[in-house]
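Subject: Structure for your files

Hello,

Here is the structure I said I would pass on.

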Amino acid sequence: MKTIIIYSTKHGFTKTVAEQLSKMVDDSVELFDTNEVTYDIISDAEKIIFGCPVYSGKLRREMVDLINKYKTDLIEKTIGMYVCSVNEFKTSNYLEQSLSKGIINHLSSVVYAGYGVDFDHMKLFEKVAIRTIIKKGDMDTGIKVEALKKLVKKLK
């Protein structure tokens, strides 16, 4: 059975999660950035896991566009998603603001995968925004491994 993980990343954290997640999946797994995905890649996969970060309260545009482009094909697949953001409790809001109900209802599992902050690769505006969102001392960054295990289990 072929599983693919499609991720969108700006600073690399969502890709790091994809790499760790790929080690947890029993099937043959391939990783793709959204800009590498073609119809053939989607059609050859049996299971698809999407990894998407949140910026400005929305799922990253590249991922939303890709999902919308292939939504007819995705309904025939087993699909799941992990979301990377600073606010775990708004995960369902991010989905509702960005994806169609049909896709949301078809997702076998959606998990909050944590977040990472790499200030060295951020522009000044991003640094200020992140520091405003994250209270000083409230930097529980990192990958939520248990959540990823749940995602893998649900997709079996």
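Predicted model: local features only at pLDDT ≥ 70, side-chain atom pairs only at ≥ 80, totals over all residues.

The protein chain has 156 residues, and 43% of them are buried. Its secondary structure consists of eight helices and seven strands. Among contacts with a separation of 6 or more, 82% join residues 24 or more positions apart.

D33 belongs to strand β2, which covers residues 28-33. D33 is buried but has no salt bridge. R60 is the nearest side chain of opposite charge, and it lies 6.1 Å away, whereas a salt bridge needs the charged atoms within 4 Å. The D33 side chain does make a polar contact, at 3.2 Å, with the side chain of T34. Leaving aside residues up to four places away in sequence, D33 touches Y7 and T9.

On the cysteines, a search of the whole structure turned up zero disulfides. C52 is in no disulfide, and the nearest cysteine sulfur to it is that of C84, 8.4 Å away. The cut-off for a disulfide is 2.5 Å between the sulfur atoms, so the 8.4 Å between the sulfurs of C84 and C52 is too far for a bond. C52 counts as buried because its relative accessibility is 0%. C84 also counts as buried, with a relative accessibility of 5%.

Regards

Note on methods:
Residues numbered from 1 in each chain as written. Heavy atoms only, no water. Helix = DSSP H or I, 4+ residues; strand = E, 2+ residues; numbered from the N terminus. Buried < 20%, exposed > 50% of the residue type's maximum accessible area, 1.4 Å probe, protein only. Contact = heavy atoms within 4.5 Å. Lys, Arg positive; Asp, Glu negative; His and termini not counted. Polar contact = N/O pair within 3.5 Å; in protein donor to acceptor, adjacent residues only side chain to side chain.
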